[in-house]
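Reader: I have this two-chain model open and would like to talk it through. Can we start with the overall make-up and then go on to the contact?

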Amino acid sequence: MSNAFDITQIQNIIDVGIPHCSDIGVKVESLNDDAVVMRLPYDTRFVGNPVSGVLHGGIVTTLIDTTSGMCIYAKLQKYLPIATLDLRIDYLKSAEPGRDVLARATCYKLTRQIAFVRAVAYHDTADDPIANSVSTFMLHSTPTKSLDKVSKEMREKS
Amino acid sequence: MNTQSSEDFLKAILEAKENRDWNAIAGLIPYFSYLGVEIRETEDELICSIPRNKRFTGNPTLPAIHGGVVGAFMESTALVHLLITQEITQLPKIITFTIDYLRSAKVDACFAEAIITKPGRRVANMRVRAWQKDRSKPIATANANFLVS
């Protein structure tokens with residue numbers, strides 16, 4: 001049996017189990033228990049400034065929120081139900097028009113109920129960020145099924 | 001994509017403001033069109049909404065809207081409020097955005113209102129509140145700082 005935290009498998013789980021992520025086209029770049037990196041391909045649908053062609057901050061929020069949640073799964077090696085409690089984003093500089101945005105997230109503290117996460121969004125390297133974020137997540141937020149089970153069921157249904 | 005000149009964009013905003021055609025403002029920004037942002041003006045407030053849309057689903061079991069969509073919608077609401085209520089010489093730039101998620105958002109229409117806590121000369125500080133069917137049960141609140149000059 002292949003590892004549940006293989007990139008292809010996690011990408012499948014996202015594409016089927018998180019419809020919004022599949023719609024905006026986010027891709028997993030790399031993952032280990034230390035950090036997860038995800039990519040948002042540039043898309044004119046998400047432009048926030050029609051003068052410059054720069055992406056709207058909101059789509060960067062979505063990328064960061066998704067990557068931040070994913071790094072908790074990767075750290076725990078388990079797709080438990082989680083919910084964002086709060087999320088702060090500092091926009092450090094504009095994204096460049098026409099370029100993909102990457103996000104790198106690290107879960108730096110886990111308690112029984114809460115996960116604390118740091119993330120940055122960037123083009124070339126995490127040392128030159130577009131945005132910086134800190135967020136907290138509730139673990140076991142609902143008694144619902146885990147994301148991998150949901151994706152599996154949805155795939156079988158379709 | 002074809003970008004427009006800064007002058008044309010400002011002109012379009014000013015024209016929309018003159019005609020009180022708020023949805024024309026939403027139409028100027030591609031991401032607002034993607035979200036389907038609509039702006040409604042009542043006697044004393046501006047309320048933004050996004051429609052029910054399955055592609056916003058972040059959690060299909062609950063089911064719930066993706067937290068990123070809720071955040072993006074609230075940031076959009078703050079920007080719309082600034083564009084409509086303030087004298088604008090350029091598109092305001094978001095500096096910080098902090099969101100508290102209070103309840104999971106059902107895959108259904110969302111509404112939001114923004115207030116300017118402090119309309120500074122350089123920075124506008126804003127609060128945003130979002131809800132669904134029941135206005136007294138907010139799904140999220142947010143704080144935003146925009147660079148306005």
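Author: Chain B has 4 helices and 8 strands. Bear in mind that this is a predicted model.

Reader: In what pattern do they follow along the sequence of chain B?

Author: Chain B reads α-α-α-β-β-β-β-α-β-β-β-β.

Reader: What radius of gyration does chain B have, against that of a compact globule?

Author: Chain B has 15 Å, and a compact globule with 149 residues would have a radius of gyration near 15 Å, so the two agree. Along its principal axes, the C-alpha trace of chain B spans about 45 × 35 × 30 Å.

Reader: How much of chain B is buried?

Author: Buried residues are 42% of the 149 in chain B. As for contacts in chain B between residues at least 6 apart in sequence, 57% join residues at least 24 apart.

Reader: Strands next. What does β2(B) pair with?

Author: Strand β2 (residues 46-50) of chain B pairs with strand β1 (residues 38-41) of chain B in the antiparallel sense, over 4 bridges. β2(B) is also joined to strand β6 (residues 110-119) of chain B by 3 bridges, again antiparallel.

Reader: How many residues lie between β1(B) and β2(B)?

Author: There are 4 residues between them, and the two strands form a hairpin. Glu41(B) stands opposite Leu46(B) in that hairpin. On the β6(B) side, Ile50(B) has Cys110(B) as its bridge partner.

Reader: Now the contact. How many residues does each chain put in?

Author: Chain A gives 37 residues and chain B gives 37 residues. On the side of chain A that touches chain B, the elements giving two or more residues are α2 (19-24), β3 (47-49), α3, β5 (82-91) and α4 (147-157).

Reader: Which of those gives the most?

Author: β5(A), with 9 residues. By class, that side of chain A has 14 nonpolar, 16 polar and 7 charged residues.

Reader: What does β5(A) join in chain B?

Author: β5(A) is joined by 5 bridges to strand β5 (residues 93-101) of chain B, and the two run antiparallel. In that pairing Leu87(A) stands opposite Ile99(B).

Reader: Back to α3(A). Is that helix mostly covered or exposed?

Author: Mostly covered: 19 of its 20 residues are buried. At 1.5 Å a residue, helix α3 (residues 57-76) of chain A should span 28 Å, and its end C-alpha atoms are 29 Å apart, so the length agrees.

Reader: And what comes just after α3(A)?

Author: Gln77(A), which takes a positive phi of about 55 degrees.

Note on methods. Residues numbered from 1 in each chain as written. Chains lettered and ligands numbered in written order. Predicted model: local features only at pLDDT ≥ 70, side-chain atom pairs only at ≥ 80, totals over all residues. Expected span 1.5 Å × (residues − 1). Buried ≥ 20, exposed ≤ 12 C-beta atoms within 10 Å, placed from the backbone. Contact = placed C-beta atoms within 7 Å. Nonpolar A, V, L, I, M, F, W, Y, C, P; charged D, E, K, R; others polar. Pairing = 2+ DSSP bridges. Rg over C-alpha atoms; globule rule 2.2 N^0.38 Å.
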